[in-house]
Amino acid sequence: VVPELITELYSAMQNNDLARASAINDKLYVLKQAVYGQGEPSGAAHARAKEMLRQLGRISNAEVRPPVFKADEAESQRIAEAIERVGLGRAVAVGA
C-alpha cells in the first residue's frame with residue numbers, strides 16, 4: 001500500500017538512522033491500524049486495504065467480490081484520517 005515508506009524504512013535501517021526508522025515505523029503503525037485494527041487479515045481487512053489504495057489514488061476503485069463487503073463510511077473515514085495524519089497528503093474523497 002505504501003512502498004515509499006517501506007523503502008524509506010529500509011534506507012533508514014541501512015544507514016543506522018534509528019530515530020528516522022522509528023518515525024517511519026510510527027507512520028506505518030497508524031496505517032496498519034486503519035486497515036487491520038478491527039481484525040487481522042480477513043475479507044474485511046482486504047476491503048479496507050483496497051479503500052486505502054483508492055484514497056491514495058493508486059487504484060481507481062475499491063470494489064470487492066462477494067461475500068466481502070466494501071469498507072463502510074466509518075471505515076473509509078478512519079482510513080482518510082490515517083492517511084492525513086501520517087502526512088501522505090489529502091485522501092481522495094470518501095465515497096467518491
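Biologist: How do H3 and H4 pack, at what angle and how far apart are their axes?

Modeller: H3 and H4 pack at an angle of about 50 degrees, and their axes are 10 Å apart. Axes here are lines fitted to C-alpha atoms, for helices over the stretch in contact, and angles run from 0 to 180 degrees between N-to-C directions. Helices (H or I, at least four residues) and strands (E, at least two) are DSSP runs, numbered from the N terminus. This is a predicted model: local features need pLDDT of at least 70, side-chain atom pairs count only at pLDDT 80 or more, and totals for chains, interfaces and linings use all residues. Residues are numbered from 1 along each chain as its sequence is written, and side-chain values use heavy atoms, with hydrogens and water left out.

Biologist: So what do you call H3 and H4, relative to each other?

Modeller: Oblique. Angles under 35 degrees count as roughly parallel, over 145 as roughly antiparallel, 65 to 115 as roughly perpendicular and the rest as oblique.

Biologist: Which residues make the contact?

Modeller: From H3, Arg48, Glu51, Met52 and Gln55. From H4, Glu75, Ser76, Ile79, Ala80 and Ile83. Contact means heavy atoms within 4.5 Å.

Biologist: And by class, how many of each?

Modeller: The contact of H3 with H4 has 4 nonpolar, 2 polar and 3 charged residues. Ala, Val, Leu, Ile, Met, Phe, Trp, Tyr, Cys and Pro count as nonpolar, Asp, Glu, Lys and Arg as charged, and the others, Gly among them, as polar.

Biologist: Take glutamate 51. Buried or exposed?

Modeller: Buried, because its relative accessible area is 4%. The cut-offs: buried is under 20%, exposed over 50%, partly exposed in between (1.4 Å probe, protein chains only).

Biologist: What does glutamate 51 touch?

Modeller: Ala62, Ala71, Ser76 and Ile79, not counting residues up to four places away in sequence.

Biologist: And glutamate 75, buried or exposed?

Modeller: Glutamate 75, in helix H4, is also buried, at 13% relative accessible area. Its contacts are Arg48 and Lys70, again not counting residues up to four places away in sequence.

Biologist: Where does leucine 56 sit?

Modeller: In the loop between helix H3 (43–55) and helix H4 (73–85). Leucine 56 is buried, with a relative accessible area of 18%. Leaving aside neighbours within four places in sequence, leucine 56 contacts Val1, Val2, Ile83 and Leu88.

Biologist: What about valine 2, which residues does it contact?

Modeller: Leu28, Leu31, Leu56, Arg58 and Leu88, with neighbours within four places in sequence left aside.

Biologist: Now the largest nonpolar core. Which residues touch the most other members?

Modeller: Val2, Leu5, Leu31, Met52 and Ile83, out of 17 residues. Helix H1 (3–14), helix H2 (18–36), H3 and H4 each give two or more residues to this core. H2 supplies the largest share, 7 residues. A nonpolar core is a set of buried Ala, Val, Leu, Ile, Met, Phe, Trp, Tyr and Cys residues joined through side-chain atoms within 4.5 Å.

Biologist: On to the backbone. Which peptide bond is cis?

Modeller: The one from proline 66 to proline 67, with omega near 15 degrees. Proline 67 is in the loop between H3 and H4.

Biologist: What is phi of asparagine 16?

Modeller: Near 55 degrees, a positive value in a residue other than glycine. Most residues other than glycine have a negative phi, and most peptide bonds are trans.

Biologist: Where is asparagine 16 found, and is it buried or exposed?

Modeller: Asparagine 16 is in the loop between H1 and H2. It is exposed, with a relative accessible area of 58%.
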